Amino acid sequence: MADMANLLQQQILSARADARKLNIIGGNSKAFMGRVASGEPLRVAGHSGIVSYQPVELVLTARAGTPLTELVAALDEQHQMLSFEPPGFGGGATIGGTLACNQSGPGRPWWSSVRDQVLGVRLLNGRGEHLRFGGQVMKNVAGYDVSRLQAGAMGSLGLITEVSLKVLPKPAVTRTLVFDVALQDAVALMNRRAAEPKPLSAACWLDNRLYLRLSGARAAVDATLSQWQGQHSGSPLSGSQGRLLEDDESFWAALRDQTLAFFEGEAPLWRFSIKSTAVNPDLPGNWLIDWGGAQRWYRGAASMAQMQQLAEAAGGQVSLFRGGDRQADVMHPQARALQLLQQRLKQSFDPDGVFNPGRLYSWM
Amino acid sequence: MTEKSKPDKARLVQLFRSFISPEYVIEDAETQRPYECDGLSMYCEMPLIVVLPDTVEQVQRVLQICHQHSVPVVARGAGTGLCAGAMPHAEGVVLSLAKFNQIISIDPLARTARVQPGVRNLAITEAAAEHGLYYGPDPSSQIACTIGGNVAENSGGVHCLKYGLTVHNILSVEMLSVAGEKLSIGSQGLDSCGMDLMALITGSEGLLGIVTEVTVKLLPQPEKAQVVMAAFDSVQKAGDAVGGIISRGIIPGGLEMMDTHAIRAAEDFAKAGYPRGAEALLLCEVDGTAEEVQEHIAQVESLFAAFGATSIRSSQSEAERALLWKGRKSAFPAVGRISPDYYCMDGTIPRGQLAHVLTEMQRMSDEYQLRVANVFHAGDGNLHPLILFDANVPGEFEKTEEFGGRILELCVEVGGCITGEHGVGIEKIRQMPIQFNEQELLQFNAIKHAFDPAGTLNPGKGVPTLRHCQEYRALETRPMPASTSDTGAA
Ligand SMILES: Cc1cc2nc3c(=O)[nH]c(=O)nc-3n(C[C@H](O)[C@H](O)[C@H](O)COP(=O)(O)OP(=O)(O)OC[C@H]3O[C@@H](n4cnc5c(N)ncnc54)[C@H](O)[C@@H]3O)c2cc1C
């Protein structure tokens, strides 16, 4: 619980003066992400604490090093939540790292991503200037949206020191239905359900089971449950009766935090962010489908070039999320024009390349 | 070497007419007149030339020519913007995207639509309706405004508390850089690798590139929607009631407030049955499944009663719901009838500051001797004070502008911002330094430079260019990587 912004600023200024590089570290829960880190550690975890939280305004502001667990505890008391369900990755994850890595959980297609919910940031750029963008209000279109630009930048544009977020009330009731469904049918079915005006809040497929989560007002959840449970003769679900999942909260938490058995072991973990209806990439092996079809996980060795081709055919992008060769590029290759543009943007924030060299891309 | 000398108007017209049909290269003042301003007609300028291309290749060639000759380019959708963002540049080309009005495809299962930038906002919802889908953001100007303009302004609407702004409802854009280079940003997935360029482009007011195609998300039409209207005898009570609903865990589809001047004007105009004597009126729309709406409407009604509403009415039919909204949606033209002119402001404030801000505004209204009517996207704190004035009275517009500027300062003072959804354009450029310090403005300038080094895309709008910005850049230790257009490759 301390404001260390001045100290962090000094560290950046002196690194810049001595032409040293810095490796920004929050809770160190996502060290496995991106390419191998280089540079001297710049530790942000001490820069922590909730700066303001007004439940009636649905706005929370916290220093970047604040652990998600602390935010969730404060929100719990007011029956509110981080609607983007960020993964805790062992409990150490901070709000700054969550934004920098753009990490959102199962509810993302329905409840927004961390990027969607960010209202403003404070940021130390590579010149050591402490800047404020966006704000603590829901709508703000003055200037470029530098706050949301940070999502996925993995610290390459600067050190996020403070984040303001829109938070949401918790749903009154949550229930999960499970069906026995094969992969091909699951994708179609998830999308069909998502096109209905029902309180769907997560849709995932794993091990020939389809999980549909319903959240909202009790009457709405109950009514939808009974409609969806029985009603599927003639659909790909015929033969499978929907059943209620006991202790569904721990299932969704394990999916969010990647502690399900699917995520165990050393095999490379690939993340496809693709069109929700895309035919699943033709790659035999172990798949997990989340986000109603828009996020698909694959375990196994493959070349980036091959994966790139599959992702583009499916209308999206791929990244090597965990494991494998992390000296090579792990993010979807960028078109030449976009690569140059991002290098120029990087320069506009961090002209000397102080922050996280090569972490996001080998060329940045 | 590129040729940087400026060709004269006749030469440019000739160049454009070699690939755009002559009537769509407009050079005479009379035909150009409709382009001299956007929805903020107090700011006018005649352009050098107006072009209306109808293929991406033509747009590309226009950009290449303008880039080569350092001619400013101002993109234009429907011209409904309220910040003079689409106001022409006297030495520049207005690039109208009006002819790009095709919905390319709708994918009902994936719930997406690919559209050209000149497609009207409402046209997307109308086309999606047969699939039980609609496009979320619904600016009051949705009959006319284009999706390209919406992306450029990150437009919102009465439903954005629950369904988000433009930035939350688009997946990808096809864009042309200032040099006419094609850029594909975003994808059909929900996110892309690396820094979020989609967010940077959304709301960039035509300063970073020309949007030539947009893929939007579509939402399932709710089973049911119902609106509750509640009248209050003080703004404070109405504001507290808004907080009460949110605290109760209900996120309404729309939550709008009007003050007494706006209520009367809207009622005289739309005959929606608004209580003319009320100090504040709330419209709270709840949508969702039939069961959910029933449950929430009952809660909202009892909350309004508990917060001291003097009258409460819930719509009992679609017709009644439409009527209750009609008053709100026509509030601007309604106010236009009670005054020769009005000036619409667009600040956002933390909701808790509402009563304070309205009291201060009334004080200033007395000071300037100018009436103010207020409509308010109450759920998300976006305030639209409408200052009533008469442009024919010498000096009155200047007085109005000064008053408006002070309202925006007040918004920033209480922790809000100078524009919630209308954008900065030319209009609010003087207020930018109130919200941002010099270093922040320089960072904005540096971003602009990364996209448009010569600064020919919509110059003079959005972000003030600081005088010593050039010197600042000269201090950079390394040169910027050149854009492909400058050198071919880097
Ligand atoms: C009566 C009325 C009510 C309104 N209500 C709302 C409201 O509820 N919510 C709201 O948010 N706004 C509202 N507006 C403002 C306005 O309608 C929006 O800003 C709208 O998005 C502008 O769209 P347009 O097509 O008219 O754009 P224009 O006015 O033509 O242009 C707006 C800006 O976008 C740029 N631009 C346009 N097309 C492109 C393109 N293809 N590529 C790059 N840049 C481009 C222009 O250069 C300009 O800077 C209202 C306006 C009026 C007149």
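Reply: Happy to! One pair to begin with is B:Glu27 and B:Arg17, which form a salt bridge with their closest N and O atoms 3.3 Å apart. Keep in mind that this is a predicted model.

Me: Where do B:Glu27 and B:Arg17 lie in chain B?

Reply: B:Glu27 is in the loop between β1 (25–26) and α2 (29–32) of chain B, while B:Arg17 belongs to helix α1 (residues 9–17) of chain B. The pair therefore ties together parts that are ten residues apart in sequence.

Me: Nice. What does A:Arg271 form a salt bridge with?

Reply: Its partner is B:Asp191, and the closest N and O atoms are 2.9 Å apart. A:Arg271 lies in strand β14 (residues 269–273) of chain A and B:Asp191 in the loop between β9 and α7 (197–201) of chain B, so this pair joins two chains.

Me: Are those two ends buried or exposed?

Reply: A:Arg271 is buried, with a relative accessible area of 12%. B:Asp191 is buried as well, with 11%.

Me: Which residues are linked in a network of salt bridges?

Reply: A:Arg108, A:Arg115, A:Asp116 and B:Asp196 are linked that way.

Me: Switching topic: what about B:Arg61, where is it found?

Reply: B:Arg61 is in helix α3 (residues 56–68) of chain B, and its 41% relative accessibility makes it partly exposed. Leaving out residues up to four places away in sequence, B:Arg61 touches B:Ser18 and B:Phe19. B:Ile20 is 41 residues from B:Arg61 in sequence, and their C-alpha atoms are 9.8 Å apart in space.

Me: OK, helix packing next. At what angle do α9 and α12 of chain B pack?

Reply: Helix α9 (residues 260–270) of chain B and helix α12 (residues 331–338) of chain B pack at about 95 degrees, with axes 8 Å apart. That makes α9(B) roughly perpendicular to α12(B).

Me: Which residues make the contact?

Reply: From α9(B) they are B:Ala265, B:Ala266, B:Asp268 and B:Phe269, and from α12(B) they are B:Pro333, B:Ala334, B:Val335, B:Arg337 and B:Ile338. By class, the contact has seven nonpolar, two charged and no polar residues.

Me: Now the strands. In what order do the five strands of the open sheet in chain B come?

Reply: The order is β5-β6-β10-β8-β9 (chain B), with antiparallel pairing. β5 (103–107) and β9 (182–186) of chain B stand at the edges with a single partner strand each, so one side of each is left without a neighbour in the sheet. From one strand to the next, the twist averages 15 degrees.

Me: How many bridges join β5(B) to β6?

Reply: Four bridges join β5(B) to strand β6 (residues 112–115) of chain B, and the two run antiparallel. B:Ile106, for instance, has B:Ala113 in β6(B) as its bridge partner.

Me: Last one: is β12 of chain B mostly covered or uncovered, and what does β12(B) pair with?

Reply: Strand β12 (residues 224–232) of chain B is mostly covered, with eight of its nine residues buried. β12(B) pairs in the antiparallel sense with strand β14 (residues 280–288) of chain B over nine bridges, and B:Ala231 has B:Leu281 in β14(B) as its bridge partner. β12(B) also pairs with strand β15 (residues 311–314) of chain B, antiparallel over four bridges, where B:Val228 is partnered by B:Ser314 in β15(B).

Conventions: Residues numbered from 1 in each chain as written. Chains lettered and ligands numbered in written order. Predicted model: local features only at pLDDT ≥ 70, side-chain atom pairs only at ≥ 80, totals over all residues. Heavy atoms only, no water. Axes fitted to C-alpha atoms, helices over the stretch in contact; angles between N-to-C directions. Parallel < 35°, antiparallel > 145°, perpendicular 65-115°, else oblique. Contact = heavy atoms within 4.5 Å. Nonpolar A, V, L, I, M, F, W, Y, C, P; charged D, E, K, R; others polar. Pairing = 2+ DSSP bridges. Salt bridge = Lys/Arg side-chain N within 4 Å of Asp/Glu carboxyl O. Buried < 20%, exposed > 50% of the residue type's maximum accessible area, 1.4 Å probe, protein only.
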